[in-house]
Amino acid sequence: MASGSMKREISETHDTLRFGLNAGVKADLAPPHPLQSTIQSEAKFWADKKKFGTEAIYGSALNIRKDLDAQILSRFQRPPGALPSSMLGYEALTGSLDDFGFEDYLNMPQDSDSFRQPDMHHGMEVRLGLSKGPICPSFN
């Protein structure tokens with residue numbers, strides 16, 4: 001999940017420790033597990049069906065407004081530092097506040113013995129493209 005969100009440059013050499021073994025073009029296109037593609041396609045089907053229903057009832061302006069709100073709220077994040085960004089507004093808009101998966105309570109980085117507090121200055125430099133590397137040094 002984290003390897004897909006990190007920006008990769010074409011001219012750089014492949015970093016196996018950061019991006020994993022299957023970091024080729026095929027790994028970017030195909031999901032890691034066959035069941036994952038089924039779950040994603042079913043979620044997309046129901047989202048499209050719900051969107052079609054709201055358009056039939058309220059008109060297309062509501063769907064456009066919801067899409068714009070989702071774009072705005074998905075970009076809003078807290079600066080790197082002691083508190084992670086929760087994206088509460090986006091979760092409330094999409095309805096994912098009620099979803100409680102295993103990733104919410106297992107393998108929390110704060111519970112690890114080797115956890116180091118992230119450097120806020122280095123994190124902002126990485127986010128702005130002034131420096132390379134992971135935002136938090138404990139995720140090496």
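**A guided look**

Visitor: Is Lys51 buried, exposed or partly exposed?
Guide: The relative accessible area of Lys51 is 36%. Buried means under 20% relative accessible area, exposed means over 50%, and partly exposed is in between (1.4 Å probe, protein chains only). Lys51 therefore counts as partly exposed.

Visitor: What kind of model is this?
Guide: Residues are numbered from 1 along each chain as its sequence is written, and side-chain values use heavy atoms, with hydrogens and water left out. Local features need pLDDT of at least 70, side-chain atom pairs count only at pLDDT 80 or more, and totals for chains, interfaces and linings use all residues, in a model that is predicted.

Visitor: How many helices are there in the protein?
Guide: Helices (H or I, at least four residues) and strands (E, at least two) are DSSP runs, numbered from the N terminus. The elements run α-α-α-α-α-α-α from that end. With 0 strands in the protein, the helix count is 7.

Visitor: Which residue does Lys51 form a salt bridge with?
Guide: Side chains of opposite charge can pair when their charged atoms come close. A salt bridge here is a side-chain nitrogen of Lys or Arg within 4 Å of a carboxyl oxygen of Asp or Glu. For Lys51, the closest N and O atoms are 3.3 Å apart, and the partner is Asp67.

Visitor: How far apart in sequence are the parts that Lys51 and Asp67 tie together?
Guide: Asp67 is partly exposed, at 34% relative accessibility. Lys51 lies in helix α4 and Asp67 in helix α5 (residues 60–75), so the pair ties together parts whose separation in sequence is 16 residues.

Visitor: About how far along helix α4 are Lys44 and Asp48 from each other?
Guide: These two side chains meet in a salt bridge, 3.1 Å from N to O. Lys44 is exposed at 53% relative accessibility, while Asp48 is partly exposed at 38%. Because they are 4 residues apart in helix α4 (residues 34–58), their separation is about one helical turn.

Visitor: Which helix holds both Arg65 and Asp69?
Guide: Arg65 forms a salt bridge with Asp69, with 3.4 Å between the closest N and O atoms. Arg65 is exposed at 55% relative accessibility, and Asp69 is partly exposed at 26%. They sit 4 residues apart, about one turn, and both lie in helix α5.

Visitor: Where is Phe102?
Guide: Phe102 is exposed, with a relative accessible area of 57%. Along with Phe100, Tyr105 and Leu106, Phe102 forms a nonpolar patch on the surface, with about 500 Å² of accessible area together. Phe102 is in the loop between α6 and α7.

Visitor: Which residues is Leu97 in contact with, leaving aside its neighbours within four places in sequence?
Guide: Leu97 lies in the loop between α6 and α7 and is partly exposed, at 45% relative accessible area. Contact means heavy atoms within 4.5 Å. With those neighbours left aside, the residues that Leu97 touches are Leu88, Glu91 and Ala92.

Visitor: What share of the 140 residues in the protein is buried?
Guide: The protein exposes about 11,900 Å² (Shrake-Rupley method with a 1.4 Å probe; for residues, only the protein chains shown count as cover). Carbon and sulfur atoms supply 60% of that area. Of the 140 residues in the protein, the buried share is 9%.

Note on methods:
Patches are made of residues with over 30% relative accessible area and no salt bridge: like charges are joined within 9 Å, nonpolar side chains (Val, Leu, Ile, Met, Phe, Trp, Tyr) within 5 Å.
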